[in-house]
Amino acid sequence: MMAMTVIRSINTAAEALPRLTRFSLQAPKLVEVEFADGRVFKLSAEFLRINSPAVDGKIRSIGGEKVISGRRHVGIMSAEPVGNYGVRLNFDDLHKTGIYSWDYFYHLGSNKFTLMRSYVKTLKKYGLSRDPRGKK
């Protein structure tokens, strides 16, 4: 009985996310998404790259934390639709395995400042930079 309540609440929460009404790739630096609740999120290429939903070989694991550094100037080359639920973004650092669902875009947009602040804090913690090596 308890498991069904948990499952029902998870399904209800997932269904509560607004529907995507517009996706716009403003290559190479920005994706803009708009949802049925009127919220519009402008998400930078760097922000999307560091929050890629894919496991990537260019991620450094430091103390158990996954850290991507040096992506300040990364660009998005293209976006390929994946079914009715998202897109695959192709970045100019050759990362192209992440599939971003519409729900994930909503999550990223809703939590953009907290996620970015946490990212910068993690970089500082390990002496890393948003800039590529050799550029500061």
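Which residue in S3 does Leu 30 stand opposite? Leu 30 faces Ser 44. This pair is a starting point for an account of the fold, which is a predicted model.

**Overall make-up**

Four helices and eight strands make up the secondary structure of the chain. Their order along the sequence is α-β-β-β-α-β-β-β-β-β-α-α. The chain has 136 residues, of which 38% are buried. Its accessible surface is about 8400 Å², and carbon and sulfur atoms hold 56% of that area. Among contacts with a separation of 6 or more, 49% are between residues 24 or more positions apart.

**Strand pairing**

S1, S2 and S3 form an open sheet in the order S1-S2-S3, with antiparallel pairing. S1 (20–26) and S3 are its edge strands, each pairing on one side only. On average, neighbouring strands in this sheet are turned by 15° against each other, direction ignored. Two antiparallel pairs are set out below.

| Strand pair | Sense | Bridges |
|---|---|---|
| S2 and S3 | antiparallel | five bridges |
| S6 and S7 | antiparallel | six bridges |

S6 covers residues 76–82. S6 and S7 form a hairpin with three residues between them. Val 82 has Gly 86 in S7 as its bridge partner. In the turn, Gly 83 has a positive phi of about 55°.

**Helix H3**

H3 lies across S1, S2 and S3, and runs at about 85° to S3. The helix spans residues 102–110, and its buried residues are Trp 102, Phe 105, Tyr 106, Leu 108 and Gly 109. Viewed down the axis of H3, these buried residues fall within an arc of 165°, so they line one face of the helix. An α-helix has 3.6 residues a turn, so residues three or four places apart point the same way.

**The nonpolar core**

The largest nonpolar core contains 26 residues. Val 33, Leu 43, Leu 48, Leu 89 and Phe 105 have the most contacts inside it. At least two residues of this core come from each of S2 (30–35), S3 (40–44), H2 (45–50), S7 (86–91), H3 and H4 (112–125).

Which residues does Leu 48 touch, not counting those up to four places away in sequence? They are Val 31, Leu 43, Ile 76, Leu 89, Phe 91, Tyr 100, Phe 105 and Leu 108. Two of these, Phe 105 and Leu 108, are also among the buried residues of H3.

Definitions and conventions:
Residues are numbered from 1 along each chain as its sequence is written. This is a predicted model: local features need pLDDT of at least 70, side-chain atom pairs count only at pLDDT 80 or more; totals for chains, interfaces and linings use all residues. Side-chain values use heavy atoms; hydrogens and water are left out. Buried means under 20% relative accessible area, exposed over 50%, partly exposed in between (1.4 Å probe, protein chains only). The arc is that of the directions from the helix axis to the C-beta atoms. A nonpolar core is a set of buried Ala, Val, Leu, Ile, Met, Phe, Trp, Tyr and Cys residues joined through side-chain atoms within 4.5 Å. Contact means heavy atoms within 4.5 Å. Accessible areas come from the Shrake-Rupley method with a 1.4 Å probe; for residues, only the protein chains shown count as cover. Two strands pair if DSSP finds at least two bridges between them. Axes are lines fitted to C-alpha atoms, for helices over the stretch in contact, and angles run from 0 to 180 degrees between N-to-C directions.
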